[in-house]
Amino acid sequence: MVGLTDPMPVLPLHTSRLLLRVMRSTDAAVLAAYRNDPAVALHQDWDLPFALTDAVALLEKQDDVDDLVPGRWLQIGLETADGTVVGDAAVGIDSTGAIAVLGYSLAVEHQGRGYATEAATALIDAVFAGTTVHRILATVDPANHASLRVVEPLGFRYEGLARRAAPVRGAWADDLRFALLREDRTAWLNRTTSPPTEVDLVPLTADRLAEVRRLETFRFQRAFVAPVDA
């Protein structure tokens, strides 16, 4: 377990539709099948073709692991009630047990159903509840709007663009950097979500500019909604 004073298991983890559990070498065929799909690999950094032997080599390393481990990555299968593995989440914990990195991939036929959001929500809350992790990182290709739709509505904060920072199959790709602190997640869950009881229309004047600029437009929305600053 990851740097715990009062250990709480993170995996296996149940959501309303998914079982999140450590992937085994017996999952290699399904992992290879969707990782080898160019549409799935488009914004990911693994090599193509991604062969069955690649999947076996990756998953054999965690056949004896049951939960998150400091200093290593873990592939976590997203499995529906009928036993179908629809994709995976990857969680890497640093050697101190303080910082985690989150990633996820879904087979094309299972995308657009909210599985990534459901899994990411459950994972980040379980990691914060059961470990000493205080900061979870996520990096996203600027063109990967589907992934942005996962991290931003969970409370991750944009921390900047790393230009040509990610090596992807012989080329350098830009990386958007997001992070979620333990206190960020608490504040996000406790935010007011009910509609206002009263709305006033007021002039947009220079003395109100600071208030207006506190409003933010998610990056995945900016393809069709201008940022407030603009």
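## Terms and basis of the model

A residue is called buried when its relative accessible area is under 20%, exposed when that area is over 50%, and partly exposed in between, with a 1.4 Å probe and protein chains only. By this definition Ile-76 is buried, as its relative accessible area is 0%.

The model is predicted, so that local features need pLDDT of at least 70 and side-chain atom pairs count only at pLDDT 80 or more, while totals for chains, interfaces and linings use all residues. Residues are numbered from 1 along each chain as its sequence is written, and side-chain values use heavy atoms, with hydrogens and water left out.

## Overall form

The protein has seven helices and eight strands, where helices (H or I, at least four residues) and strands (E, at least two) are DSSP runs numbered from the N terminus. Its radius of gyration is 19 Å, close to the 17 Å that the globule rule gives for 230 residues, so the protein is as compact as a globular protein of that length; the radius is taken over C-alpha atoms, and the rule is 2.2 Å times the number of residues to the power 0.38. Along the principal axes, the C-alpha atoms fill a box of roughly 65 × 45 × 35 Å.

Of the 230 residues in the protein, 39% are buried. Among contacts (heavy atoms within 4.5 Å) with a separation of 6 or more, 60% are between residues 24 or more positions apart.

## The sheet

Eight strands form an open sheet with mixed pairing, in the order E1-E2-E3-E4-E5-E6-E8-E7, where two strands pair if DSSP finds at least two bridges between them. Strand E1 (13-14) and strand E7 (157-168) are the edge strands, each pairing on one side only.

Within this sheet, E3 and strand E4 (residues 85-93) run antiparallel and are joined by eight bridges. Gln-75 has Ala-90 in E4 as its bridge partner.

Ile-76 lies in strand E3 (residues 72-79). Leaving aside residues up to four places away in sequence, Ile-76 touches several residues, including Leu-11, Leu-20, Met-23, Leu-68, Val-91 and Leu-123. Arg-24 is 52 residues from Ile-76 along the chain, and the C-alpha atoms of the two are separated by 9.1 Å.

Ser-147 belongs to helix H5 (residues 145-151), and it counts as buried at 9% relative accessibility. When residues up to four places away in sequence are not counted, Ser-147 touches Tyr-104 and Val-140.
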